[in-house]
Structure formats: structure tokens, C-alpha cells
Amino acid sequence: MKQINVNPIRTFALKLAVAVLPLGPALVSCNEKELLNPVPDTSLQDAFLFDTPERVLGQVNGMYAALKNGSFLGGRYLMLADIRGEEFINRTQNVFTGYDAWSHTVTSGSNDASSAWGTAYTAVNAANLIIDGLAEHPDAVPAATAAQYLAEAKFVRAIGYFNLITRYGQPFTKDQGASPGIPLRLKGEKTPANNDLARSTVAQVYAQILADLEAAETDLPLNYSTALLNTTRAHKNSAIALKTRVYLNMGNYAKVVEESKKIVSDTAPFTAATGVRHALQSSIAPVFTTNFTTVESIFSMPMTALNLISGQNSLAYIYNQNVEYNLNPSGILGDATWRATDTRRTEFVRVSGTLSYLKKYNQTNPTLDYVPLIRYAEVLLNYAEAAAKMGDLQKATALLNAVRKRSDATYEFPASATATADALVKTILIERRIELLGEGFRSNDLTRNLLTIPAKGSGGLSAPSIAPTQPEYIFPIPNSELSTNKLL
């Protein structure tokens, strides 16, 4: 398959990104015919956008740019997913930096309810427009290139819908997905004419996610020509890794094990045998500080000085510059198994006075740290949890040790922590809280296991616990959708 070498973060891509946004202005060329017959601003011209390979590539780059939006996977979505859990204490009561999500006071009118919804559906629509456009213009690019672009679009649509359904839908494990989910939009929308759409069930949304990932795995390339592209564009192992996360959320542990085995060797040191040769780095520190494109980083949102997420959507700003949140001393920070010598503590926790702050995103001016969406460490922990649930305690313990001993080489788990499946799963969940801190996993790890979201804080600045039966357990559909989609 021909590889297209392109930097996904260049300015050209962002300029073209407007072409995939609903109601975005059409791109304009300055020839006389178009000046005499102007294109309506609310109409996207497929024939123009798909008339050269360069413009098709621009659509693909724009799709990734939509995914990277600061209100979505470039920053805010991950921050809200973490602060809903118990690891962070709010310091500012600022509704623009997630106070509603932290305190469980999100309503349909809250910014926290609308930010991810709108930007996620924009990314999904960008993918849908590419899927539709390639079908309507089969000669726009060579067949092999079209197959790759289609697979990339399905990967982006899948990750978009996964993040939507896990925030706005009941956990799949609650009733095997029978609960109402979200509108499942599978056609590109160029006008608001088709905005009315009923909710699909949670199970239907998950089925579409898996169908997209299966198709993506088939036609995505094994790898690209550079480490940058291997980190910032989807390839086969990206789709496989995401499937381990999806199946884990569904409680389908046999499928987690099956998918994990495709990219995790049978014995330590665990590595991927095909495609990008994913592996844990010898130290976690460079993965977040000096080299964002190692083989540990399966899929990340890239940043450059001319293309970054800044201000109140930036993870570095929220956690480390403006210190909107400190680490909760009663959260994972206070867990005795997370020792003071652990690299993840010495490198990623900053102490100032009596408070501790997360500095995993350390560059603050400018905020150039890549945002990791899928890391190999997560895949190993997904595999470990599923193996433990399936009764393979030996494999689960080996995978767990690979992650722990990378950062704390002399640590030995007590026998009681790994002796039974239940004990081992609890130990793995603690390891996830340490390893994936600040990467957007905590509230989903609670909800997929139908666990109560713990209370946190004290006095006037505190948040109550939220049980799975309470409406606050998931986010409400925002007013912006309720007011325009009559079928809701």
C-alpha cells in the first residue's frame, strides 16, 4: 500500500479543516466562473473538495484536526473524565475549567455537558464526510489510498463514538447495552436538514464502534515511514489497541485477551510482533518529556509552536500552570503502594507548600506536550485485567509487573494482592490509577465497573459520592441538541 508522508499538524491541514465542519464556509478559488456563480456559504461542494489528491488529503488532515479540538481529545474531554473521579481537588470553583464536572452539578445547560458533545460530533461528521466523499468520487485518489483513508475515517468515527457513549450513555455492563444511548449519525451532514434523529441503544452504538474498528484494522497500514506518523495517524495496531479498550468496557474479557494477543508477546519483555513494534520504554519519563513519538505511544494528539492547545483547554495549563486542581491526598497520591521512589512520582508530581500537583504535562509556555490517547502501557493493563477476570492469574501478574517494575524496579506485590482473581483485579485497578493518572481514564474505570464515584474534598469545597443509580452518574444530553433534535 502506498504510504502518504504528510505532517498531520501542519498549518495547511488546519486551513482545510473548516471544510469538514457542519455549516463551514466552502473553500473558494479565484477563477472567473466561481466569481460569477458564487457558492452558498452553507453548501459544501464535494466535487471541489475531492477533485485532487491534495484536497482529499486535506480532508483527512482536517478530520484529525477536528479530533484534536481543545474541547475534545486535545484537552478538555480528558480533563473532565479525570476530575469526575477522586484523584483531584478543585481549587478555583471555576465553571470554565470543569468545576461542574468535578462537583457533579452538570446540567443540560452546562458548558461541561455541551463541550464534548458538539466537538465529538464534529469529528464524527468529518469522518462521515470523507467516507461519503470517497464513495461518491471513486477516482479522486488511487484505490489503495482510498481504502487507507476510509479506514482512517472509520477509526476516527469509532474513537469519537466511544468517547461519546461512555460519557452520555449508561455503562454497557449495566444491562448489556439495553439503555438508551446517543444519536448514531453515519452520514455526513452538510446542512441542519437531517438533525432530527432518535437515540440508538448503547449496544447499537458499541456494535457500530466495533464494526468500524474491524474494518479499519483490515485496511489501515501496518506502519508509516516515520515515528511521527506512527504516533499521530491510525495504523493497524491503533485499531487493535482501541478494541481492547472497547471490549474491556463491555465486560467481554475473552475478546480483550484475543485482541491483546495480536500486539502483545506471550512473555516479557512484552512487545508487538507485527506492525509498529510497540513496547514499554525503559523509563516512562521521556514518553512525556522529551520523546513523544516512541513505540510506547500508539496514538497521540501532536502539538507544535504554531498548532497547540492553550488556555483553559490545555492539560498543562489546568494541572501545572494555573493549578486549577491539586492532587487529592486521599486519592491515589495517598496509596501506600505508590512509593516515593517510583519514577511516576518523582517525575510527574510537583510539591509546592503543602499541596501536590500533576506535572505529567510539563511544558506550559508554550504548551507543547503531546496528549496521549492510547499508550502500550494501557494495553498491557487492559490485558492484565481481562486475564485476571478469565482466571489466568500468572499472565495477569506478569503484565502487571511489567508496568510497575518499569517505574519501581524493586517493588514486590504482596502475595495477598495477586492470590485471587478479585484481589488481582483490585491491584490492577490501583495500578491503572497510578500509571494513567491525568490521561482521562479514572471516571470511566469507575463507571464501567459500576462502582460509586467517591466523595472528595472537605468543607465548602467538596463533592458528594455518586452511585450508579443516580442521574449524575453520566452526563446529560446538552440543551444545544435537545433544542434542535425533535426526535430526542
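Select the charged side chains first: the chain has 44 positive and 43 negative ones, and the centres of the two sets lie 3 Å apart. Lys and Arg count as positive and Asp and Glu as negative, while His and the chain ends are not counted. Each charge is placed at NZ of Lys, CZ of Arg, CG of Asp or CD of Glu.

The model is predicted: local features need pLDDT of at least 70, side-chain atom pairs count only at pLDDT 80 or more, and totals for chains, interfaces and linings use all residues. Residues are numbered from 1 along each chain as its sequence is written, and side-chain values use heavy atoms, with hydrogens and water left out.

Now show the whole chain as a cartoon. There are 22 helices and 10 strands; these are DSSP runs (helices H or I, at least four residues; strands E, at least two), numbered from the N terminus. Along the principal axes, the C-alpha atoms fill a box of roughly 75 × 50 × 45 Å.

Next, colour by burial. Of the 488 residues, 59% are buried (under 20% relative accessible area; exposed is over 50%, partly exposed in between; 1.4 Å probe, protein chains only).

Then select helix 10, residues 202–219, and find D212 in it. Is D212 buried or exposed? D212 counts as buried because its relative accessibility is 2%.

Finally, display what surrounds D212. Leaving aside neighbours within four places in sequence, D212 is in contact (heavy atoms within 4.5 Å) with K154, R157 and A158. Across the chain, among contacts between residues at least 6 apart in sequence, 73% join residues at least 24 apart.
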